[in-house]
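Let's take a walk through this one, from the overall fold down to a few side chains. Have the viewer open and follow along.

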Amino acid sequence: MAMLVTRLHGKEISRHNLVDGQEYLVGRSAECAIILEESRGVSRQHFKIFQENGMWSVELLSRFGAL
C-alpha cells in the first residue's frame, strides 16, 4: 500500500494511505481529499494523485503553482 506524507518546512504534517484505484485531489479546498493549509501559491485544487497502469502518478492542476 502506498502512503503520501506531506511536510511543511521539513516538519511532517500528515500521512495518508493511498487506496488502489482511488483518485485524490489535493489543495486548500474543503472538497479535496487531502487538504493543504492556505499558503501563497497553493491552489484550491493544486494537483491530483491517481493510479495509471499500476503506478501512482501526480498531475499538476494549478496554472500558477508547482509541485
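What follows goes from the whole chain to its sheet and then to its rings.

First, some housekeeping: this is a predicted model, where local features need pLDDT of at least 70, side-chain atom pairs count only at pLDDT 80 or more, and totals for chains, interfaces and linings use all residues. Residues are numbered from 1 along each chain as its sequence is written, and side-chain values use heavy atoms, with hydrogens and water left out.

Start with the big picture. The protein chain has zero helices and six strands, so-called after DSSP runs numbered from the N terminus (H or I of at least four residues for helices, E of at least two for strands). Read from the N terminus, that gives β-β-β-β-β-β. The radius of gyration is 12 Å, close to the 11 Å that the globule rule gives for 67 residues, so the chain is as compact as a globular protein of that length. Here the radius is taken over C-alpha atoms, and the rule is 2.2 Å times the number of residues to the power 0.38. Along the principal axes, the C-alpha atoms fill a box of roughly 35 × 25 × 20 Å. Of the 67 residues, 27% count as buried; that means under 20% relative accessible area, with exposed being over 50% and partly exposed in between (1.4 Å probe, protein chains only).

Now for the sheet. Four strands make an open sheet in the order S4-S3-S5-S6, with mixed pairing; two strands pair if DSSP finds at least two bridges between them. S4 (34-35) and S6 are at the edges with a single partner strand each, so one side of each is left without a neighbour in the sheet. S3 and S4 run parallel and are joined by two bridges. In one spot to look at, glycine 27 has isoleucine 35 in S4 as its bridge partner.

On to the rings. The structure holds one aromatic pair. The ring centres of tyrosine 24 and tryptophan 56 are 6.3 Å apart and the planes are at 45°, so the pair is tilted. For the cut-offs, rings of Phe, Tyr and Trp (its six-membered ring) pair if their centres lie within 6.5 Å; planes under 30 degrees apart count as stacked, over 60 as edge-to-face and the rest as tilted. This pair links distant parts of the chain, 32 residues apart: tyrosine 24 is in strand S3 (residues 24-27) and tryptophan 56 in strand S6 (residues 55-60). Tyrosine 24 is buried at 11% relative accessible area, whereas tryptophan 56, at 26%, is partly exposed.
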